[in-house]
Amino acid sequence: MRKTDKYPVEGPNSLWQMYRTVSRWKAVKNFIFIQISRYAPSLPLKRWIYRSVLGMKVGEHTSFALMVMVDVFFPERIEVGENTIIGYNTTILTHEYLIKEYRIGTVHIGSHVMVGANTTILPGVTIGDHAVIGAGSVVHKDVAPYSFVAGNPMRVIREDMRLTERVNEVEG
């Protein structure tokens, strides 16, 4: 189950009311720096923008591929461990604006995680260390460490890849 805080709204849908939850200045500043980082080929520059400008927690040697889109309104609620790869055109969201409420949740991505291209990670999920997310997946619930998940809706392909690694070592 995703861990999000829910906030009911009155009147028009919550997206019409987004500037009650985040300042326009923050949204514009974040948008500009996120767009720079989406196109920048320099991994150190991207990490600097994510850490210093957007307030994200990003571990050493973590790589964000081209076109990765992090949450514009609450990027500071994204935490990524060390030596993780976030694949091309992945979207990481920490908010959802719905008709009668909006939700905000922190996204925790562990260390040594591989996130395939074109993946969407929804608010409030935790992806455990050494997990692998198949390309094009929608991560709508927590992912256990060492597991391989894929699809839309996401499903578990292999629960513990350490077992496969051990078999390969013995056979190899």
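Predicted model: local features only at pLDDT ≥ 70, side-chain atom pairs only at ≥ 80, totals over all residues.

Student: How many aromatic pairs does a search of the whole structure find?

Tutor: Four. One of them is Y7 with Y102, stacked at 4.9 Å centre to centre with 20° between the planes. That pair links distant parts of the chain, 95 residues apart: Y7 sits in strand β1 (residues 5-8) and Y102 in strand β9 (residues 101-104). Helices (H or I, at least four residues) and strands (E, at least two) are DSSP runs here, numbered from the N terminus.

Student: And what about the rings of Y97 and Y102?

Tutor: Their centres are 5.6 Å apart and the planes are at 35°, so that pair is tilted. Y7, F73, Y97 and Y102 form one aromatic cluster.

Student: Is Y102 buried or exposed?

Tutor: Buried, with a relative accessible area of 14%; the cut-offs are under 20% for buried, over 50% for exposed and partly exposed in between (1.4 Å probe, protein chains only). Y97 is buried as well, at 15%, while Y7 is partly exposed at 33%.

Student: Switching to α1: which residues are buried there?

Tutor: A27, N30, I34, Q35, S37 and R38. Down the axis of α1 they fall within an arc of 160° (taken from the directions from the helix axis to the C-beta atoms), so they line one face of the helix. W25 and Y39 are exposed on the other side.

Student: What do the buried residues of α1 pack against?

Tutor: α2 (43-53) and β4 (69-70), where contact means heavy atoms within 4.5 Å.

Student: Which residues does S37 touch?

Tutor: K46, I49 and Y50, leaving out residues up to four places away in sequence. S37 is buried, with a relative accessible area of 0%.

Student: Last one, the open sheet: what's the strand order?

Tutor: β2-β5-β10-β13, four strands with parallel pairing; two strands pair if DSSP finds at least two bridges between them. The edge strands, β2 (57-58) and β13 (126-127), each pair on one side only. β5 (residues 78-80) and β10 (residues 107-109) pair over three bridges, and E79 has H108 as its bridge partner in β10.

Technical notes: Residues numbered from 1 in each chain as written. Heavy atoms only, no water. Phe/Tyr/Trp six-rings, centres within 6.5 Å; stacked < 30°, edge-to-face > 60°.
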